[in-house]
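Here is a short briefing to read beside the model. Keep the structure open and look up each residue as it comes.

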Amino acid sequence: MSKSAQTLVVYRNLQLDGSHTLAVARQRGGYQAAEKALAMSRDEVIEEVKKSGLRGRGGAGFPAGLKWSFIPKKDPRPRYLVCNADEGEPGTCKDREILRHDPHLLIEGMIIAAYAVQAEWGFIYIRGEFYREYERLQAAVDEAYGAGLLGDRVLGRDGVRFQLTVHRGAGAYVCGEETGLVESLEGKKGQPRLKPPFPANVGLYGCPTVINNVETLAAVPAILERGGAWYAGLGVDKSSGTKLFSVSGHVNRPGNYEVELGIPLKTLIEEHAGGVRGGWENLKGVIPGGSSTPVLTAVACATVTMDYDSLAKAGSMLGAGSVIVMDKSVCIVRAIARLSRFYRHESCGQCTPCREGTGWLSQVMNRIENGRGEKGDIALLKEICTNMSGKTICALGDAAAMPVVGAIKAFPEEFDYHVEHGRCLVG
Amino acid sequence: MSELQKNSNMRRPRFSPESLREVEAIYRRYPPGQRRSALMPILFLAQREFGGWLSREALDYVAELTEIPPVRVYEVATFYTMYNLKPVGKYHVQVCTNISCWLCGSDGVVQALRNKLRLKWGETGDDNRFTLTEVECLGACVNAPMMQINDDYYEDLTPDKVAEIIDRLP
């Protein structure tokens, strides 16, 4: 797959001057997919998205069309559509490009999704620190209202209503978890809810709610425009379509890249991101999907492809597609200790295994990193992780445990050396 | 959790008529009957109007205005990192030290800022010009290392660039 042959679905307008404005969006065919969708039945729209195989791009990878179909059809309660723009997983910054450079693509995707699930009110929950992005997004929403694309007669159609509110977060990683996000939208601290009931039945304000990531919704217009079968033809089996990858760390050309799923990790790094600093031989490892996904060794990186199944088989996850590249100068213990500190900071404190476990992990990781590791610490880390994984209301506990377990498995010699010699193998 | 700080040199905070109109506009952005959702944006508004931070008095005022029990308002204000519970300087410098920034040299950025501002984490200078805060990932990882000063991101930083940016602030 050469760089020139890439298909742009979500990032197709980014390079244009004024890409954030309605005028440019219109020139590029913006809102035509929404026109098309509104002329179809709601079930047909959902069917098209199901056919596309589009999976949730926020990290969980749940099929989007299926998620939409879970919204009860006959129910007197209002339904809500929520866009998760709380981009906060360390290593992830892909959605920011859409928010600031192509907000109309997101709004159009939301109009289509809202129509499909009969939602008359939608929210975009954008992380609070993205203030300039919020300004862009709000301006685009205002423009869309002004042009009759939103409001009481969506695209001029009687009986199709869609109000869209942009809601700023205020700094809490856990609000990226969909029920934490819903709590936050309701004006509370963002502590995730016990599931079931799932948001499709009891979500925002106790009503049926669909929550999708920015990238997921931004892929919807193209799917409606060119058909679910076309989208399903991109990528590989069970990982259809394109994916945005944020490639950061030790590469020559860090950046956000849209490529088809199934691309070899090596191709993504070498051809798109300009290669590993100092050459491929200088690669130590890659965190392939964001801070919560287990690190891969250089050997694994040489063969793994970037899709849900291949990464799972390699013992990691596609996550949000946040590729963090580390060259041989990196001390893995120190890198993971930094992540453990992050999870300790972000645990919402609701569940004991996570609240206590993230604190313990961070403490023990730090002690090892600082040369005060004790015999048995590595076993202790593993035990803490076992006691956290799958034992909490949301996945933050797992997210904190996975990188630690993964790193011990991938780089056992570095941990052993630290504990034994009280210093780093790397120097 | 730090205790809520009182603001000794301030009379009871009140929104200006303009901000009260803004409060009404915020309520209209949420479905009828869901006024509680307006709490977070109203807290942002209060923080802006009352000098960049939220004192105990400011939170009590917001509670009274929104008719939300004070403890619920405290809960929200203390849960999220962007609500400042003590005064901050004119420029709030927030530096990311998470993994991508660290890999790309945030240690050097932090050192440059410390030398320049003569502040430790969480400190505000005597002249109230700068506050220096270490923050978690701000979502600009492919342009690491980065920092945020008030509403703006500064990306692809080097120690030299940092000094220049600080010097150029009005």
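A:His418 touches A:Cys331, A:Val333, A:Ile368, A:Glu369, A:Arg423 and A:Cys424, leaving aside residues up to four places away in sequence. Touching, or contact, means heavy atoms within 4.5 Å. This is a predicted model, where local features need pLDDT of at least 70, side-chain atom pairs count only at pLDDT 80 or more, and totals for chains, interfaces and linings use all residues. Residues are numbered from 1 along each chain as its sequence is written, chains are lettered from A and ligands numbered from 1 in the order in which they are written, and side-chain values use heavy atoms, with hydrogens and water left out.

- A:His418 lies in helix α18 of chain A, residues 412–421. Helices (H or I, at least four residues) and strands (E, at least two) are DSSP runs, numbered from the N terminus.
- A:His418 has a relative accessible area of 1%, so it counts as buried. Buried means under 20% relative accessible area, exposed means over 50%, and partly exposed is in between (1.4 Å probe, protein chains only).
- The side chain of A:His418 reaches the backbone oxygen of A:Ile368 at 3.3 Å. A polar contact is a pair of N or O atoms within 3.5 Å; within protein, one must be able to donate a hydrogen and the other to accept it, and residues adjacent in sequence count only if both atoms are side-chain atoms.
- A:Ala335 is 83 residues from A:His418 in sequence. In space, the two are 13 Å apart, C-alpha to C-alpha.

**A:Thr293 in its loop**

- A:Thr293 sits in the loop between β10 (283–287) and β11 (296–297) of chain A.
- A:Thr293 is buried, at 2% relative accessible area.
- A polar atom of the A:Thr293 side chain lies 3.0 Å from the backbone nitrogen of A:Gly289.
- Not counting residues up to four places away in sequence, A:Thr293 touches A:Ile287, A:Pro288, A:Ser316, A:Met317 and A:Gly319.

**Where chain B meets chain A**

- How many residues of chain B are in contact with chain A? There are 41, and they meet 59 residues of chain A.
- The size of an interface is often given as the accessible area lost when the parts come together.
- Between chain B and chain A, about 4100 Å² is buried, and carbon and sulfur atoms give 57% of that area. Buried area is the accessible area (1.4 Å probe) that two parts lose on being put together, summed over both.
- The rule finds six salt bridges across this interface. A salt bridge is a side-chain nitrogen of Lys or Arg within 4 Å of a carboxyl oxygen of Asp or Glu.
- A:Arg338 and B:Glu136 join their side chains in a salt bridge, at 3.0 Å from N to O.
- On chain B, α2 (39–49), α4 (70–79), α5 (99–103), β2 (130–135) and β4 (152–154) each supply at least two residues of the side that touches chain A.
- That side of chain B has 23 nonpolar, eight polar and ten charged residues. Here Ala, Val, Leu, Ile, Met, Phe, Trp, Tyr, Cys and Pro count as nonpolar, Asp, Glu, Lys and Arg as charged, and the others, Gly among them, as polar.

**The build of chain B**

- Chain B has seven helices and four strands. Along the sequence they follow the pattern α-α-α-α-β-α-α-β-β-β-α.
- The domain assignment gives domain 1 (3–79) and domain 2 (91–168) of chain B. Such bounds come from an automatic or database domain assignment.
- The centres of these two domains are 29 Å apart, taken over C-alpha atoms.
- Of the 170 residues in chain B, 52% are buried.
- In α4(B), the residues B:Val73, B:Tyr74, B:Val76, B:Ala77 and B:Phe79 are buried. The buried residues of α4(B) pack against α2 and α3 (56–66) of chain B.

**Backbone details**

- The peptide bond from A:Pro196 to A:Pro197 is cis, with omega near 5°.
- The peptide bond from B:Ala144 to B:Pro145 is also cis, with omega near -5°. B:Pro145 lies in the loop between β2 and β3 (147–149) of chain B.
- B:Arg118 is not a glycine, yet its phi is positive, about 55°. B:Arg118 is exposed, at 69% relative accessibility.
- B:Asn150 also has a positive phi, near 50°. B:Asn150 is partly exposed, at 33% relative accessible area.
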